[in-house]
Amino acid sequence: MRPNPTAAGAREWTALAVLTLPALLLSIDNTVLVLALPELSADLRPSPTQQLWIMDSYGFLIAGFLVTMGALGDRVGRRRVLLTGAAAFGVASVVAAYSGSAEMLIAARMALGIAAATLMPSSLALLNTVFVDAKQRGLAVGVFIGGFMAGAALGPLVGGALLGSFWWGAVFLVNVPVMLLLLLVGPALLPEGRGSGTGSLDPLSVLLSLATVLPVVYGLKELATEPGVLAVVALLAGLVTGAVFVRRQRRLAEPLLDLRLLERPAVRAVVGLSVAVMLVQGGAYLLMGQFLQLVRGLTPWESGLVLVAPALALVAGSLLSPVLARRWRPGTVLACGLAVAAAGFAGLTTVDVTGSLTMTVVALAVAFGGMAPVGALGADLVLGSAPPSRAGGASSVVETAGELGIALGMAALGTVSAVLYRSALAPSEGAATLADVVADAGASPAAAALLPAAREALTGALATVAVGIAVLCVVLAAVVPRALRTVAPVGATADTTDTAADTADTRAE
């Protein structure tokens, strides 16, 4: 039997490894500073506001520039944008490592965020070029998404290992060898890919994109930590600007974001599902971090160790789901995964202040493993639905949806948890957060007396939120098969609806 002429070989799989390693690293950089912050704060003496900027500016600017950088790759070449971003990321990492002031470190973190935004959509879009066979592309996307997911949990572990032997700047210098590897082997392994459009980026669209995403992410994040008028104003401003952005994109001949992709019901369903699942994951990480550190008294390093199992479940689910989607429709695979996730979150209702953590870890691993197919199959479906010339923009849609989902989850579930926590305590007692109670317990007899009840209150809030998440997963599992009914198994002949849409998009190009 003649081998499949479109099948990937050693060169393509090596290219996948080269693209996945930076994805893992970029995700690690989102959380690696958790352990380094005390040491660098003692060295650089940042103000409380500067500390927040050191931690948050990286993620803000990734989210803000994803759409712009995805469109830029479609116009000037994804490999060119990827390698330029890798060089910038390496340089910014060195600057961050040797920063002599808080202002310098904040500037370096902002540069890292912009550079990371060039790497993510270009990397994912290049997989669409490297892997021609649909089945192999699905597996490649699963590997890529699995690597990115694992990085979030590995951040504290990497930070702890480096800080045990080196100074705080080492958490940035670890980026340099990976970016050098990408720069050295990328030109030989990665083909250039670009769209058919020749126009430049619309400056007003770029500004509107930033003015949409940045205030929305900021507002959602603030609502999760310090709800106030500023957070609400930022969120509303971002939504209003977003409406203006969408209206402008519909009028442009070469828009920054091609909204025709979202006209497909299946793509809209996947993007919405991605937001919902990342909402759950972002909220779950926030609440589990609070539970492990404030209720169970673990250090960030120990909490990271506990979360290794759920991270591995995410990786396993990301790798397995493309294989299952070759036999069964993606809608069926996603529905089964969400049903498994519902069972996992139902298991989290057994969380206990003093009991064994084993059941909690197992339940969270089951939940995350069940949600993993959404990231892998969703990204592959959106990429496969987009015209090749718009792969970068399609990648940015998936990744921006994920960033917004995480921020929304931290805000929504964090707020619900806080309300449940306060309602479980007396009005005067509920005014103090558990973090404040823990911090004051050593010096204040009143706080020490309140601590057991406060821990029980937060544990009860986590269990209640887990019930709500389990119900949400059940609802999504019931809806997804119908929403994706036109999507055939990976590698199978597309249904008539999808084929017609592909033809229309090709002609439109």
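Student: Is Tyr-98 buried or exposed?

Tutor: Tyr-98 counts as exposed, because its relative accessibility is 54%. Buried means under 20% relative accessible area, exposed means over 50%, and partly exposed is in between, with a 1.4 Å probe and protein chains only. Keep in mind that this is a predicted model: local features need pLDDT of at least 70, side-chain atom pairs count only at pLDDT 80 or more, and totals for chains, interfaces and linings use all residues. Residues are numbered from 1 along each chain as its sequence is written, and side-chain values use heavy atoms, with hydrogens and water left out.

Student: Where does Tyr-98 lie?

Tutor: In the loop between helix H4 (78–97) and helix H5 (102–130). Helices (H or I, at least four residues) and strands (E, at least two) are DSSP runs, numbered from the N terminus.

Student: Which residues form a nonpolar patch with Tyr-98 on the surface?

Tutor: Val-94, Phe-166 and Trp-167. Together with Tyr-98 they have about 420 Å² of accessible area. Such areas come from the Shrake-Rupley method with a 1.4 Å probe; for residues, only the protein chains shown count as cover. Patch members have over 30% relative accessible area and no salt bridge; like charges are joined within 9 Å, and nonpolar side chains (Val, Leu, Ile, Met, Phe, Trp, Tyr) within 5 Å.

Student: Next, Val-32. Buried or exposed?

Tutor: Val-32 counts as buried, because its relative accessibility is 1%. Val-32 lies in a loop too, between helix H1 (10–31) and helix H2 (33–44).

Student: What is Val-32 in contact with, leaving aside neighbours within four places in sequence?

Tutor: Gly-155, Gly-159 and Val-171. Contact means heavy atoms within 4.5 Å.

Student: What about the phi of Arg-45?

Tutor: Arg-45 has a positive phi of about 55°, and it is not a glycine. Most residues other than glycine have a negative phi. Arg-45 lies in the loop between H2 and helix H3 (48–76). At 67% relative accessibility, Arg-45 counts as exposed.

Student: Zooming out: how many helices and strands does the protein chain have?

Tutor: 19 helices and 0 strands. The C-alpha trace spans about 75 × 50 × 45 Å along its principal axes.

Student: What radius of gyration would a compact globule with 509 residues have?

Tutor: Near 23 Å, and the protein chain has 23 Å, which agrees. The radius is taken over C-alpha atoms, and the globule rule is 2.2 Å times the number of residues to the power 0.38.

Student: How much of the chain counts as buried?

Tutor: 55% of the 509 residues. The chain exposes about 20800 Å², and carbon and sulfur atoms supply 68% of it. Among contacts with a separation of 6 or more, 82% come from residues 24 or more positions apart.

Student: How many salt bridges does a search of the whole structure find?

Tutor: It finds 1. A salt bridge is a side-chain nitrogen of Lys or Arg within 4 Å of a carboxyl oxygen of Asp or Glu. Here Asp-202 pairs with Arg-248, and the closest N and O atoms are 2.7 Å apart.

Student: Which parts does the pair tie together?

Tutor: Asp-202 lies in the loop between helix H8 (175–189) and helix H9 (203–225), and Arg-248 lies in helix H10 (residues 229–251), so the pair ties together parts that are 46 residues apart in sequence. Asp-202 counts as buried at 17% relative accessibility. Arg-248 counts as partly exposed at 27%.

Student: Now Ser-321. What does its side chain reach?

Tutor: The backbone oxygen of Gly-317, at 2.9 Å. Ser-321 is found in helix H13 (residues 308–324). Ser-321 counts as buried at 1% relative accessibility. Not counting residues up to four places away in sequence, Ser-321 touches Val-333, Pro-373, Ala-376 and Leu-377.

Student: Last one: where does Leu-381 lie?

Tutor: In helix H15 (residues 358–385). Leu-381 is buried, with a relative accessible area of 11%. Leaving aside neighbours within four places in sequence, its contacts include Ala-266, Val-270 and Leu-484.

Note on methods: A polar contact is a pair of N or O atoms within 3.5 Å; within protein, one must be able to donate a hydrogen and the other to accept it, and residues adjacent in sequence count only if both atoms are side-chain atoms.
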